[in-house]
Amino acid sequence: MNTPADKSKPVAVETVLLLDSDVLIRMPIAQYLRDCGYRVLEAANVNEAMTILQKPDIQVDVVLSDVEMPGSMNGFGFAQWARSVRPGLQIVLSGTPQRTADAAAELCEHGPLLMKPYDHKIVLEHIKRLLAARARQGGS
Amino acid sequence: LINTAAEADMPPRRLKVLFAEDEVLLRLMVTDVLRQNDFQVLEVRDAAEAMSILRTMPVDVVITDLHMQVAGDGMEVARHVRAHCPGVALLLASATTPPITEQSLFDAFFVKPYQPEDIVAWIARRYATTSRREDSSFA
């Protein structure tokens, strides 16, 4: 006899470390990835991401990072460092919110639930609205 | 506040909690507990990020550290919440207390090292008797 639990796919929860210094991009992307079943760890800068990766007991399967990061190390430098401490770590670099949303959608197509919760273009539109709202209010 | 019959039939909306903390591992631990308790959690590392969120979307609860990137910048968050976000529950989660004149801004104070479950319990008590606003925000 099938129960609802039997019908669901077995899910190995994968963890994405999302690195983006702009909270109005990071937050919607993180929410999208969570909605499609990932556990998401958010890092606002390279130092935070390094702190997380230096903890061997914190599982990280994929890093999704902006290329442009404040400080002495950009996304490329961070990726090189991350591979040195966690060989085999999957690292995806993106340079724009569009590419970040595309990369998140790609993860959701191959991710734990193997489904997109909603079109990733909605995420991108939401990010654009948030950035526009911030610009109108003169925030940084 | 009285819930209408229509509201009574609706599943409860997830409360949106903004958590501001600059220590990433503590932030990770607390946000894990909050999410396990079915809150929608927006996490930020400093006052500037908190202000970006507060100026662009509504939240139900704000939990802030007192000293993040700048000493005392949690007070900036608190003053913004009190000036512009009526009805939002404001919690201080810090190792130190603010000046006595500013303490009345906060609804509750959790001293580090606090138990995240205590914060969860406080929010649950607060909202057990308070109806929730209609959710018109993203996701």
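The largest cavity is lined by Arg39(A), Val40(A), Leu41(A), Glu42(A) and Ile52(A) together with Val24(B), Arg27(B), Leu28(B), Thr31(B), Asp32(B), Arg35(B) and Glu43(B). This is a predicted model, in which local features need pLDDT of at least 70 and side-chain atom pairs count only at pLDDT 80 or more, while totals for chains, interfaces and linings use all residues. Residues are numbered from 1 along each chain as its sequence is written, chains are lettered from A and ligands numbered from 1 in the order in which they are written, and side-chain values use heavy atoms, with hydrogens and water left out.

On a 1 Å grid over the protein atoms alone, a cavity is a set of points where a 1.4 Å probe fits but cannot get out, whereas a pocket is an open set with protein on both sides within 12 Å along at least five of seven lines, and lining residues have an atom within 4 Å of a point. Grid points are joined across faces, edges and corners, and a volume is the space filled by probe spheres set on the points. The structure holds 1 cavity of 30 Å³ or more. Helices (H or I, at least four residues) and strands (E, at least two) are DSSP runs, numbered from the N terminus. With 6 residues, α2(B) gives the most to the lining of the largest cavity, and β2 of chain A and α2 (24–36) of chain B each supply at least two residues of that lining.

The second largest pocket is lined by 14 residues, of which Arg34(A), Tyr38(A), Arg39(A), Val40(A) and Arg35(B) are the closest to its centre. Here too α2(B) gives the most to the lining, with 3 residues. The table sets the two spaces side by side, with Ala, Val, Leu, Ile, Met, Phe, Trp, Tyr, Cys and Pro counted as nonpolar, Asp, Glu, Lys and Arg as charged, and the others, Gly among them, as polar.

| Space | Volume | Lining by class |
|---|---|---|
| Largest cavity | about 70 Å³ | 5 nonpolar, 1 polar and 6 charged residues |
| Second largest pocket | about 250 Å³ | 5 nonpolar, 4 polar and 5 charged residues |

In it, 28 residues of chain A are in contact (heavy atoms within 4.5 Å) with 21 residues of chain B. The two chains bury about 2,000 Å² between them, 61% of it on carbon and sulfur atoms, where buried area is the accessible area (1.4 Å probe) that two parts lose on being put together, summed over both.

A salt bridge is a side-chain nitrogen of Lys or Arg within 4 Å of a carboxyl oxygen of Asp or Glu. Across the interface of chain A and chain B there are 6 salt bridges, and over all chains the structure holds 20. One of the pairs is Asp32(B) with Arg39(A), whose side chains meet at 2.6 Å, N to O. Because Asp32(B) lies in helix α2 of chain B and Arg39(A) in strand β2 of chain A, the pair joins two chains.

Away from these spaces, Glu102(B) is placed in the loop between β4 (89–94) and β5 (108–111) of chain B. Not counting residues up to four places away in sequence, Glu102(B) touches Met75(B) and Arg79(B).
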